[in-house]
Amino acid sequence: MFHKMPFILLAIIISIVLFGEAIPVHYQSILYGISLTIKSFIVFALPAVVFGLLFKTAVQFANKASKMIILILAAICCSNFISTMFSYSVGVLAYHCDLSISFPNEENALMPMWNFVFPKWIANDKAMFGGLLFGIITGWLRPEVAKKISSRFEHIVAVILKVILLSIPLFITGFVIKMHHDQVMTYILHNYSLIFALIASALFAYIALIYFIVNRGQPTKAIQSFKNILPAAITGFGSMSSVAAMPLTLLGAEKNARDPNLARAVIPATVNIHLVGDCFAIPIFAFAVMKSFGVIEPAFTAYVLFAFYFVLAKFSVAAVPGGGILVMLPILEHYLG
């Protein structure tokens with residue numbers, strides 16, 4: 001089901017755009033209330049997800065604390081941070097695009113039938129650092145116990161994520177109905193196509209630049225390297241899963257690498273945490289949303305702080321469609337408003 005999620009969500013959006021008027025307002029209000037409740041549950045459950053996933057990563061790190069692992073982790077942090085900082089300039093460009101939405105009056109806006117809010121029990125950043133520290137300390141002192149705890153956490157996180165992912169179509173339905181009722185859906189679909197183009201152009205240019213640099217400025221070799229990895233890119237785009245694309249990523253990386261064994265060691269270790277696409281898409285969309293809703297443009301220093309937590313949170317991203325944005329929601333809210 002998860003690999004079909006993009007098509008399911010697209011079908012929901014198109015159906016609401018075409019037939020949303022046929023749904024009585026009473027039922028629209030109920031669906032919107034359900035979406036708000038699911039959103040509240042996601043925010044409530046995220047600290048547990050982040051803690052569990054980071055604990056597992058930290059335990060693995062503590063048990064395999066070799067120079068190779070440390071070097072890979074350092075390289076991933078640097079790469080994610082650099083690409084996130086590159087996206088800042090594109091995000092500023094998106095912010096200065098004409099993206100001001102005219103919202104309806106309150107009496108015309110769709111109101112939820114209810115608005116149940118789960119309590120906020122722990123901050124997301126505390127869950128991050130807690131998972132890392134607890135995982136490293138337990139992994140060093142009691143490695144066998146740490147593995148058992150990690151396995152329990154992994155099971156709990158898997159259940160939570162499955163519940164969240166199964167609820168995503170219903171979660172999206174209520175918010176799309178809200179936007180359609182308030183007459184902002186068409187505007188967003190029309191105007192955000194520019195943001196999609198900005199993200200695609202920036203990401204393509206960044207990756208092309210990397211291939212150009214590592215091939216020592218030789219265009220022919222850079223193009224060949226790009227061709228070698230293209231099947232993996234298409235698979236990843238269609239499945240929304242870096243894990244599903246990993247076999248093709250390995251094949252492409254082995255063709256591009258001087259040492260194929262190095263590719264076989266690095267790719268599996270980084271497939272879930274080295275997500276350059278997220279480093280561009282999420283911050284740029286954040287700038288676009290800020291502009292649309294009248295939030296002041298963040299200062300560069302605030303963005304650097306956001307980038308730090310953003311990179312750290314990537315180690316808790318689950319290998320599921322939409323896992324990146326789910327984990328990033330509290331960070332986007334806290335540091336970018």
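Select helix α11 (residues 276-292) and helix α12 (residues 300-313): they pack at an angle of about 140 degrees, with axes 12 Å apart. Axes here are lines fitted to C-alpha atoms, for helices over the stretch in contact, and angles run from 0 to 180 degrees between N-to-C directions. Helices (H or I, at least four residues) and strands (E, at least two) are DSSP runs, numbered from the N terminus. That angle makes α11 oblique to α12; under 35 degrees would be roughly parallel, over 145 roughly antiparallel, 65 to 115 roughly perpendicular, and the rest is oblique.

This is a predicted model: local features need pLDDT of at least 70, side-chain atom pairs count only at pLDDT 80 or more, and totals for chains, interfaces and linings use all residues. Residues are numbered from 1 along each chain as its sequence is written, and side-chain values use heavy atoms, with hydrogens and water left out.

Next, show the side chains. Asp278, Cys279, Ile282, Pro283 and Phe287 in α11 meet Tyr303, Phe306 and Phe310 in α12 (contact: heavy atoms within 4.5 Å). The contact residues divide into seven nonpolar, no polar and one charged.

Now zoom out to the chain. It has 13 helices and zero strands. Colour the 337 residues by burial: 42% count as buried, meaning under 20% relative accessible area with a 1.4 Å probe, protein chains only. Among contacts between residues at least 6 apart in sequence, 84% join residues at least 24 apart.

The chain exposes about 18300 Å², and carbon and sulfur atoms supply 71% of it. Accessible areas come from the Shrake-Rupley method with a 1.4 Å probe.

Methods
Ala, Val, Leu, Ile, Met, Phe, Trp, Tyr, Cys and Pro count as nonpolar, Asp, Glu, Lys and Arg as charged, and the others, Gly among them, as polar. Buried means under 20% relative accessible area, exposed over 50%, partly exposed in between (1.4 Å probe, protein chains only).
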